[in-house]
Amino acid sequence: MTTPALQPPPSALAPPLLDAQGRRMTYLRLSITDRCNFRCSYCSPASWGGKRDLLGPEELERITSVFARMGIRRVRLTGGEPLIRPDILDIARRIAAVPGIQHLAITSNASHLERLARPLREAGVTQLNLSLDTLLAETFRRISKQGDFDAVLRGVDAAAGAGYASLKLNVVVMRGVNDEEASALVAYAHARGFTPRFIELMPFGQGTPVPTAELVERLQASGLPLEPEPDDTGDAAGPARYWRAPGGRVGFISPLTQNFCGTCNRVRVASNGDLRSCLGGRAQAPLHQLIRGGASDVELAVAIRRALGDKPEGHRFTEPGNGATLLSMMGIGG
């Protein structure tokens, strides 16, 4: 007589969703494509064709639903460039409607937002994080390799007028490339109702990072008074540390010099459908394969908890030879 396989307990779906260090996961970053219409030096490999076998809208909705039952409250759609998917509005509507999801954000290069800014808000997107590393057309071409700079600027303006609850402008700072534009980018963002955020370059591509402390000093020396705000350590806490300026807030994301791993509340699903417990770690769960293999929601939840049980205390980007499995940002989601 064959002994029946043990079934995982239904409690696997019940919140809270904790990692190995007991940190509570409330924020899902969901990459919906590894394709992009730009080839930014810090993000994408020199040649990247992308994968065609991506998660469909129903699969993305189901994964989000499982995470929501486990305690996820915020979802961010990333890429590649998520807005190049022709079904982006369907995806946004489905995920915004998942019970338990309170905020839906998108990270984009803004090149398609002139057309999509208002429809995305109407579909349920509450926040946009737009990438804009320069205000100079020549520097834009140097960084992005391709793309329409004027379309990006029109997209930023369309987002500013579309009535979003939160707008952020992300700037990856590279020494000798765009670091001299920090003050101008702060003024540009504040004039349009955006919060600028300066990001230390991570070890995924080309370029030399500028430490946050140095950039803060340079902004203050340029005449911009900055006052630090208290750190937010609640469930809504993100990676940025914010300072107050006369025109609004200024954020700094410092994964190398002031890492935020101790308050991490994020889990990622890459464009290939693999859960990755950490941007710089190896713990994974093949959610794509499990779904298409007929796994139940409970089985998905067990796989998610198992991967998070191997989540490291922090990344090891600054340690040579650490052995972390690093994908391009296009593959894992920015």
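Predicted model: local features only at pLDDT ≥ 70, side-chain atom pairs only at ≥ 80, totals over all residues.

Let's start with Gln289, which is exposed, at a relative accessible area of 60%.

**Gln289 and its surroundings**

- Is Gln289 buried or exposed? Gln289 counts as exposed because its relative accessible area, 60%, is over the 50% cut-off.
- Gly273 sits 16 residues away from Gln289 in sequence, and the two C-alpha atoms are 7.7 Å apart in space.

**The chain as a whole**

- You'll find 10 helices and 12 strands in the chain.
- The chain runs to 334 residues, and 52% of them count as buried.
- Take the contacts between residues at least 6 apart in sequence: 75% of these join residues at least 24 apart.
- The chain has an accessible surface of about 14600 Å², and carbon and sulfur atoms account for 51% of that.

**Where H1 meets H9**

- Helix H1 covers residues 57-70 and helix H9 covers residues 297-308; their axes come within 10 Å and cross at roughly 70 degrees.
- That angle makes H1 roughly perpendicular to H9, since 65 to 115 degrees is the range for that label.
- The H1 and H9 crossing is right-handed.
- On the H1 side, the contact is made by Arg62, Val66, Phe67, Arg69 and Met70, while H9 brings Asp297, Leu300, Ala301, Ile304 and Arg305.
- Sorted by class, the residues where H1 touches H9 come out as 6 nonpolar, 4 charged and no polar.

**A closer look at Asp297**

- Asp297 belongs to helix H9, and with a relative accessible area of 24% Asp297 is partly exposed.
- Which residues does Asp297 touch, leaving aside those up to four places away in sequence? They are Leu13, Arg62, Val66 and Arg69.
- Asp297 and Arg69 are 228 residues apart along the chain, yet their C-alpha atoms are separated by 9.8 Å.

**Where H1 meets H2**

- H1 also packs with H2: the two axes come within 9 Å and cross at roughly 25 degrees.
- H1 and H2 are therefore roughly parallel to each other, as angles under 35 degrees get that label.
- This crossing of H1 and H2 is right-handed.
- Pro57, Glu58, Leu60, Glu61 and Thr64 are the H1 residues here, and they meet Asp90, Ile91, Arg94 and Ile95 of H2.

**Where H2 meets H3**

- Helix H2 (residues 88-96) packs against helix H3 (residues 113-123) with the axes 8 Å apart and an angle of about 25 degrees.
- So H2 is roughly parallel to H3.
- The H2 and H3 crossing is right-handed.
- From H2 come Ile88, Leu89, Ala92, Arg93 and Ala96; from H3, they meet Leu116, Pro119, Leu120 and Ala123.
- How many residues of each class are in the contact of H2 with H3? There are 8 nonpolar residues, 1 charged and no polar.

- Some background first: most residues other than glycine have a negative phi, and most peptide bonds are trans.
- Going from Pro15 to Pro16, the peptide bond is cis, with omega near 5 degrees. Pro16 falls in the segment before strand S1 (27-31).
- Gly79 and Gly80 are also joined by a cis peptide bond, with omega about 20 degrees. Gly80 is part of the loop between strand S2 (74-78) and H2.
- Ala110 isn't a glycine, but its phi is positive, about 75 degrees. You'll spot Ala110 in the loop between strand S3 (103-108) and H3.
- Why does Ala110 count as buried? Its relative accessible area is 0%, and buried means under 20%.
- Lys145 has a positive phi too, near 70 degrees, and is likewise a residue other than glycine. Lys145 sits in the loop that runs between helix H4 (137-144) and helix H5 (149-160).

Note on methods:
Residues numbered from 1 in each chain as written. Heavy atoms only, no water. Helix = DSSP H or I, 4+ residues; strand = E, 2+ residues; numbered from the N terminus. Buried < 20%, exposed > 50% of the residue type's maximum accessible area, 1.4 Å probe, protein only. Contact = heavy atoms within 4.5 Å. Areas by Shrake-Rupley, 256 points an atom, 1.4 Å probe, with all protein chains shown as cover. Axes fitted to C-alpha atoms, helices over the stretch in contact; angles between N-to-C directions. Parallel < 35°, antiparallel > 145°, perpendicular 65-115°, else oblique. Left-handed = near helix turned anticlockwise from the far one by under 90°. Nonpolar A, V, L, I, M, F, W, Y, C, P; charged D, E, K, R; others polar.
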